[in-house]
Amino acid sequence: MACIMFMESAQTCTASATSFFSRANPNPRMKNPLRMVAASLVLGAFWATAFAQNRTFTNQYTFGDSLSDNGNAFLASGRTINTNPLNFGGRWSNGPTFAEQLGNNLAVGSAAPASVKTSMDFAFGGATAVPALSAVPFPSLPVQLQLFQSHAVAIQRTDLFTVWIGANDILNTAAQANPAAMAPAGINAAQATANAIQSLINLGAKNILVVNMPDIGLTPAGLSSGGGSLLTAGSLAYNAEFDSGLRAITSGAPDVTLTRIDAAALIARIQVDFKALGFANATSGLILPGGGGGDPSGYVFFDGVHPSATTHTL
């Protein structure tokens, strides 16, 4: 049976004929530079625990939006977006994204020649899981997969794939101020994401790290916009459908290890315990009006919706 890990606390997973929620003690050993990271809260502290299940990951391929983009959208814009000095290398944060901190150096996928076959990042800021919901001229998730396929990568069993997307589907729909549209938007985005994950499996992916949706309504933008309830509704609908989709995927993928990080629970806990975790500000963004004072590492958020470099590192 396929192995799936649902992670707020760090866990390892052993395949089970009766449940994909199999849990064991975390394995702290790491046999290679590429780390698969899950965050856990223990005794009020936020710990990052690396685990590998005695696996060796050779390459990493990343898909998603601004939460994983290492420069694709910045280059595609002709370097005209995210020009604030605090935007690290044109990213939507003041440092590398979480995906860049898993261990491998990721080439900017959109700028990599077709001859490049090893670790690449195809995530674009502003990207949506559902193409019709896009509000920017950057590749949606299905197009990102096409970009990956254009490199004719011979996928190895030891490659790692990461997928985190769907927030823009919810944000763009919330702009319509139609409560009835939020649950369908979240559900459709989750289904599109699950379909992309299945496509990666069909291409040969055996190790996939996915992340669910934080409650966007609790971000600085959500709290200040008056539309927080819309964003929360979309986020909750996404997560319920996403979990359902992952269950369906595992039932037909006997040799795939699928790990889901529960970002919803993690970010919610950070916002409650931010002071204990070393943060000074959990309600405004570093570059937002009213933000920017003090140590940049003290901010949970970089702007209205994006994590700061410190939060990405956690």
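Q: What makes the pairing of the Q191 and E241 side chains a polar contact?
A: In this predicted model, the two side chains come to 3.2 Å. The cut-off is a pair of N or O atoms within 3.5 Å. The value of 3.2 Å meets that limit, so the pair counts as a polar contact.

Q: Why is Q191 called partly exposed?
A: Its relative accessibility is 34%. Buried means under 20% and exposed means over 50%. The 34% of Q191 lies in between, so Q191 is partly exposed.

Q: Where is Q191 found, and how far is Q191 from F242 in sequence and in space?
A: Q191 is in helix α4, residues 182-203. F242 is 51 residues away in sequence, yet the C-alpha to C-alpha distance is 6.7 Å.

Q: Why is α4 called roughly parallel to α6?
A: The axes of α4 and α6 (residues 228-251) cross at roughly 30° and come within 7 Å. Angles under 35 degrees count as roughly parallel, so α4 is roughly parallel to α6. The crossing is right-handed.

Q: Which residues of α4 and α6 meet?
A: From α4 they include Q191, A194 and I197; from α6 they include E241, F242 and L246. By class, this contact has 15 nonpolar, six polar and one charged residues.

Q: How do α3 and α6 pack?
A: Helix α3 (residues 167-174) packs on α6 at about 145°, with the axes 9 Å apart. This crossing is right-handed. I170, L171 and A174 of α3 meet L230, L231, G234, S235 and Y238 of α6. Six of these residues are nonpolar, two are polar and none is charged.

Technical notes
Residues are numbered from 1 along each chain as its sequence is written. This is a predicted model: local features need pLDDT of at least 70, side-chain atom pairs count only at pLDDT 80 or more; totals for chains, interfaces and linings use all residues. Side-chain values use heavy atoms; hydrogens and water are left out. Helices (H or I, at least four residues) and strands (E, at least two) are DSSP runs, numbered from the N terminus. Buried means under 20% relative accessible area, exposed over 50%, partly exposed in between (1.4 Å probe, protein chains only). A polar contact is a pair of N or O atoms within 3.5 Å; within protein, one must be able to donate a hydrogen and the other to accept it, and residues adjacent in sequence count only if both atoms are side-chain atoms. Axes are lines fitted to C-alpha atoms, for helices over the stretch in contact, and angles run from 0 to 180 degrees between N-to-C directions. Angles under 35 degrees count as roughly parallel, over 145 as roughly antiparallel, 65 to 115 as roughly perpendicular and the rest as oblique. A crossing is left-handed if the near helix is turned anticlockwise from the far one by less than a right angle, and right-handed if clockwise. Contact means heavy atoms within 4.5 Å. Ala, Val, Leu, Ile, Met, Phe, Trp, Tyr, Cys and Pro count as nonpolar, Asp, Glu, Lys and Arg as charged, and the others, Gly among them, as polar.
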